[in-house]
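Subject: Structure for your files

Hello,

Here is the structure I said I would pass on. Please look it over first; my notes follow below it.

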Amino acid sequence: MIFRQMFEPQSSAYTYLIGCAATGDTVLIDPVLETVERDVKLLEELGLTLKCTIETHIHADHVTGAAQLRDATGCKAAVPAKSGADHVDVAVCEGVPIEIGGLRLQPLYTPGHTDDHHCYLLDAADGARVFTGDALMIDGCGRTDFQNGDSATLYRSVHGKLFALSDDTLVYPGHDYQGRRVSTIGQEKTRNPRLGGGKTVDEFVAIMAALNLPHPKMMDVAVPANRECGEVD
């Protein structure tokens, strides 16, 4: 397997490259518009064929690079079916795996941050990885106060789907604001100050209700653009 974790500093967003070493088939999870040139260059340097871009959800803090990557490489754009987005080639649903050559990504429906959110589980020879988007971050989680988010729903998604995975499953989040790159399910179950350490759903709901965060600066631009799969004028 070929794997890269790439960072976009403006939105503190991670993009993940996953490639099959045998076939060269590759996907990018959560590409960002500003880093399309970087991503295309890396694909060319590694001799890989981008088959698909994959979104975890409709993002509010950045515009996806899916449309520009599709124009540049001929790849398909995969977006959760529940998003209702336009210009989508692959409608992502739990139970329908995404094949990457000899690799397989399993979508896990994890609403709560948004109502369309999916995580992606990859079982590989060197261990399991789960790409958690904004549902579960290192020592945190995404907010739940817009895009049909709901705190109790997010709690159930994380505990029912993600914390049910093996403790040694590597957690690769959609964002980190402190330079951290990877965690594990076991660590988040134990240490996550919002969702772990035996927190109840009522405690979590209260924590999220007290955050009182401003809306993302890019929200009015990013959400409409991402509902068009990044097709911007």
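How many helices and strands does the secondary structure of the chain come to? The count is six helices and twelve strands. Please keep in mind that this is a predicted model.

Overall dimensions: the C-alpha trace spans about 50 × 40 × 30 Å along its principal axes. The radius of gyration is 17 Å, which agrees with the value near 17 Å that a compact globule of 233 residues would have.

On the sheet: six strands form an open sheet with mixed pairing, in the order β7-β8-β9-β10-β11-β12. Its edges are β7 (98-100) and β12 (183-184), each of which pairs on one side only. Within this sheet, β10 (residues 127-133) pairs with β11 (residues 170-173) in the parallel sense, over four bridges. V130 stands opposite V171 in β11.

On the helices: I looked at one pair, α3 (residues 151-162) and α5 (residues 201-209). Their axes come within 9 Å and cross at roughly 130 degrees. The crossing of the two is right-handed.

Which residues meet there? From α3 they are S151, A152, L154 and Y155, and from α5 they are V201, F204, V205 and M208. The residues of this contact divide into seven nonpolar, one polar and no charged.

Regards

Terms used. Residues numbered from 1 in each chain as written. Predicted model: local features only at pLDDT ≥ 70, side-chain atom pairs only at ≥ 80, totals over all residues. Heavy atoms only, no water. Axes fitted to C-alpha atoms, helices over the stretch in contact; angles between N-to-C directions. Left-handed = near helix turned anticlockwise from the far one by under 90°. Contact = heavy atoms within 4.5 Å. Nonpolar A, V, L, I, M, F, W, Y, C, P; charged D, E, K, R; others polar. Pairing = 2+ DSSP bridges. Rg over C-alpha atoms; globule rule 2.2 N^0.38 Å.
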